[in-house]
Amino acid sequence: MLICIKSYNQEVIQNLEINDSTSITFAKEYRGDGSIVKEIRPYDYQLIPRNSQNIGFVNISGTITAQLLYIRVMKIDFSGDSSQYSNYILAPYLKRFSLIIPIVSELSEYSFSYSLNSYSWKPIANHVVCGDVYLISGQSNAITSDLDSLEVDYLTNKYGSQTAYGKFSRTYGDMWRHRGPWHVSEVTGTFQLPNFSVGAWGLALQYNISKQFGTPTCIINGAIGGTNIEQHLPPVNGPFFYHDSMPNDKHFFRHLNTRVYEAGVSDNIKGILWYQGDGGQDGPLPGEYINRFKPLYELWQQYFPNFGHFYVIQVHSFSYYNLPLAYTSEDQRIMPTLFNNCRVMASNSIGPHKPGSNHQIHFQASSYVELAQRLEGLLGAEVYNSPIVDFEAPDINYACKHNDTIWLQFTQNISEIYSDDLDSITSAFRFDKDSVEISLPLIYGKTFMFKVSDTTIQSVSYLGILPGHDPDFKCYLKNQNNIAALSFNNFPISTSLLEIDEYSVKNEIEIFPNPADKYFVIRTKNSSSLILRIYNATSQLILSKEIMQNETIDCNYLNNGFYIIQLIDKKLPLESKTFKLLINH
């Protein structure tokens, strides 16, 4: 296990040097090694972290030669109207002053200025906001630097700084400038310097949080394409932050850590969003991805204390065809069972991939927008107390078999409306035995059911992409919010039926007449309602409806031939009954 000790301590030293041109000198914050980090004052476009009471605190300290110091705070609200927020008059003691100013987290910008005579004002900082801080890290899908110019224009025009909500998005520094400045968030494309890019879905996520929850945000993105977990760990011998004299070698952890520290937000991270693992280089064996991730998680705890949840975007799984990816994806799926502050979101079905054979793991701009919407739901429920239902990706909860029927139970209801074609979905399942045929798939509440040709199977896998297919082949189970289920690999199939013994009432069912002409009758002694499914000879679903004990079914519209009648008891979904019915007009 890699243990790193912080090699810096925050120390505040008052600078007594007097600047005759301004008659004010701001105090400076020093690191333990003596190098200056910043002046103790707000900066243009800075985000001040808010506390649980929705308040942030701006610290202004320094020395002056005058007897009195006037500080003025102005506020520009969402509509663009400005108003005087507060005024402060200070009588410095031994020429030193220190002032802490509370500001509210809202869709407003604050400006700070000072005067030594109450009528001639000089600026300290403009466009300051108060809100929440998030970190993004990982590989290329986290920074999305391969966008073409049209995609960059689309994202900038819809979510960028010129929009009503985009102007409340902040970032600090970039991979080329670990020492600031603060800036409004941007997005960049292929062959462009990162500048102040937070990535495509980072930009959209910040916009959505401003719009939906009225909170400005800062995102600091430390992702680098093609990197494994080890490359996001600090150098073994340090240092763990940059000195001014050091060349920018873009060492990933050191660079991210320095930006977070110099921005003054190390203790105020609301969440960390991790999107990494596409290359499969971190999980060549089951459990290895988690083992490699643990040292990074420990570093987050050490250097970013008090961070809330961390959010893992599960990568595509080529189960049984690319085992390292399958193991990585499965490890990511089970991470919430090992880290109590972890949540996992699916990248399955977020939208179209970029065209070309080299982009099976990269997406178009609109897809990253969909990912931002999914993450907004997660953050909304956990950070902003939004009453969102089914904001997480559905996850496999239980799998069992009864005769030739497989029952997969998920953590949420599966939507028949949003899920893809059921036959396409079944093509994305694999088992521990080859050449297993699937028939009669059915979505029922939290359950996905189907029949299999081999009853000896013991495990099931659900892929993220079908090898050899278009990477945008639609084969996904989804919930009511259009969020796809997580992929899973080698999930065990139990022979123990959940709650099956709680009911002793049997489905004694009759279907008559058979053959049928204009109608047929379904009669059962069970008082619970049933789901009726009618399939033609090629397994195409013709009719699906809920029926009660005795029901007459019109079949005038059915062509002559054999049909499969499937009846599912709502209390006993595994106790489905199938009948063959002949229609003969």
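This is a predicted model: local features need pLDDT of at least 70, side-chain atom pairs count only at pLDDT 80 or more; totals for chains, interfaces and linings use all residues.
The protein has eight helices and 31 strands, where helices (H or I, at least four residues) and strands (E, at least two) are DSSP runs numbered from the N terminus. Of its 585 residues, 55% count as buried, that is, under 20% relative accessible area, with exposed meaning over 50% and partly exposed in between (1.4 Å probe, protein chains only).

Residues are numbered from 1 along each chain as its sequence is written. Local features need pLDDT of at least 70 and side-chain atom pairs count only at pLDDT 80 or more, while totals for chains, interfaces and linings use all residues; side-chain values use heavy atoms, with hydrogens and water left out.

**Confidence and contacts**

- The average pLDDT, the predictor's confidence in each residue from 0 to 100, is 86 for the protein, and 90% of the residues score at least 70.
- Of the contacts between residues at least 6 apart in sequence, 68% join residues at least 24 apart.

**Cavities**

- The structure holds two cavities of 30 Å³ or more; on a 1 Å grid over the protein atoms alone, a cavity is a set of points where a 1.4 Å probe fits but cannot get out, and lining residues have an atom within 4 Å of a point.
- Grid points are joined across faces, edges and corners, and a volume is the space filled by probe spheres set on the points.
- The largest cavity has about 50 Å³ of space, and its lining consists of Ser137, His232, Phe252, Phe253, Leu256, Leu296 and Trp300.
- Helices α4 and α5 (288–303) each give two or more residues to that lining, with α4 giving the most, three.
- By class, the lining of the largest cavity has five nonpolar, two polar and no charged residues; Ala, Val, Leu, Ile, Met, Phe, Trp, Tyr, Cys and Pro count as nonpolar, Asp, Glu, Lys and Arg as charged, and the others, Gly among them, as polar.
- The second largest cavity has about 40 Å³ and is lined by Thr405, Leu440, Leu442, Met449, Phe450, Lys451, Gln566 and Ser576.
- Strands β21 (438–444) and β22 (447–452) each supply two or more of these lining residues, and β22 gives the most, with three.
- Four nonpolar, three polar and one charged residue make up the lining of the second largest cavity.

**Second largest pocket**

- The second largest pocket, an open set with protein on both sides within 12 Å along at least five of seven lines, has a volume of about 320 Å³.
- It is lined by 22 residues, of which Ile143, Met175, Pro194, Ala223 and Ile224 are the closest to its centre.
- The elements giving two or more residues to this lining are β12 (169–174) and α4 (252–262).
- The lining of this pocket divides into nine nonpolar, ten polar and three charged residues.

**Cysteines**

- The count of disulfides (pairs of cysteine sulfur atoms within 2.5 Å) is zero.
- Cys130 is buried, at a relative accessible area of 0%, and Cys400 is buried with a value of 0%.

Key. Contact means heavy atoms within 4.5 Å.
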